[in-house]
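Here is a quick tour of a protein model. Have the chain open beside you as you read.

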Amino acid sequence: MISRILASTVPACRRAGSRAVLGELATRSNACGSAVVLSQRRLMSHERNVVQSPFGSVDIPEKNVTEYIFEGYEKYADKPAITCGASKRSYTYGMTYEMVKRMACGLLSQKGCAMRQHDVLGLLLPNIPEFVPALHGGLLAGLTVTFANPLYTAEEVCRQFENAGVTAIVTLPMLLPVAEMFKSKMKHYKGTICIGGKHDLDKNIYGFEQFLKENHRSELPEIDCHKTAILPYSSGTTGLPKGVELSHYNLVANLAQGSHPAISKYYQPEYLEKKETILTIPPFFHIYGLNAILHMVIKSKNHVVSIP
């Protein structure tokens, strides 16, 4: 009896199973077809929703960011470029660019830091005028530059600089202990440049002013504008801070967008020869303070006042 029931039931189950499988395949097929159609519709919708700029396209030159922002500086060589709002220490465009070149040569010189192209330079600085030659000296030398909030704890600075692969630091006397702590963790550390300090070669420390006056001789490299220029770190809102690789081309593209006459008055005909003094509040170690303010002011040859 049981065997007869099983014998009569199995074929029926098989037939029902086959129908179920075929039904499932048909359902999946319809679902796949619907998904393809839906995907195509979304793509068409996205294409329709692309918003073209009313200002037209922007030409992005293939230049390194230092060359781009200092272009034409000779005309303004005796005009103020950047001034410290606290100490009133000030540099003209001519002085600033000369410092940039001397910094670049010193970083590469065998008698200086002996860094090599694509090494990473770390800046541990507040908003001071020397931030410009420190940063752009590194970029003109073909280095990657990263920067940390000077209010970070020593452990936070060390973590970021270790993550970025920093081999030399530019900082202030009050932050030298942090640089020394980091140096103790690194096998191939190449030197600390101290703004406002003096040479202490036994500790591999270079006073910034003396470092520039030594007139190091180095051949500056050809810079690939698509290579990483700066490595800013996020604030760490969702976990630990993360490095963001930005090329010279990325920075120049952003500046080219912001230089459109419809966006910036400084590129309108009536403002081309008018120069203003502009106070900066956001920190230069933040990409907004760096590219949207500091670099934009230098590119337009206005005068920036920094607050440490």
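## Ground rules and surface

Accessible areas here come from the Shrake-Rupley method with a 1.4 Å probe, and for residues only the protein chains shown count as cover. On that basis, the protein chain exposes about 16800 Å², with carbon and sulfur atoms supplying 57% of it.

This is a predicted model, so to speak of local features takes a pLDDT of at least 70, side-chain atom pairs count only at pLDDT 80 or more, and totals for chains, interfaces and linings use all residues. Residues are numbered from 1 along each chain as its sequence is written, and side-chain values use heavy atoms, leaving out hydrogens and water.

## The overall picture

The protein chain has nine helices and 11 strands. Both are DSSP runs numbered from the N terminus: helices are H or I with at least four residues, strands are E with at least two. Of the 308 residues, 44% count as buried (under 20% relative accessible area; exposed is over 50%, and partly exposed lies in between).

Take the contacts (heavy atoms within 4.5 Å) with a separation of 6 or more: residues 24 or more positions apart account for 64% of them.

## Where H4 meets H9

Helix H4 (residues 131-140) packs on helix H9 (residues 287-299) at an angle of about 95°, with the axes 13 Å apart. The axes are lines fitted to C-alpha atoms over the stretch in contact, and angles run from 0 to 180 degrees between N-to-C directions. H4 and H9 are therefore roughly perpendicular (65 to 115 degrees; under 35 is roughly parallel, over 145 roughly antiparallel, and the rest oblique).

From H4, Phe131, Val132, Leu135 and His136 meet Leu290, Leu294, His295 and Ile298 of H9. The residues of this contact divide into six nonpolar, two polar and no charged. Here Ala, Val, Leu, Ile, Met, Phe, Trp, Tyr, Cys and Pro count as nonpolar, Asp, Glu, Lys and Arg as charged, and the others, Gly among them, as polar.

## An aromatic cluster

Rings of Phe, Tyr and Trp (its six-membered ring) pair if their centres lie within 6.5 Å; planes under 30 degrees apart are stacked, over 60 edge-to-face, and the rest tilted. The count comes to eight aromatic pairs. In one of them, the rings of Phe70 and Tyr97 have centres 5.2 Å apart and planes at 50°, so the pair is tilted.

Phe70 sits in helix H2 (residues 65-70) and Tyr97 in helix H3 (residues 93-108), 27 residues apart. Phe70 is buried at 3% relative accessible area, and Tyr97 also counts as buried, at 16%. Ring pairs link Phe70, Tyr73 and Tyr97 into a cluster.

Note on methods:
Buried means under 20% relative accessible area, exposed over 50%, partly exposed in between (1.4 Å probe, protein chains only).
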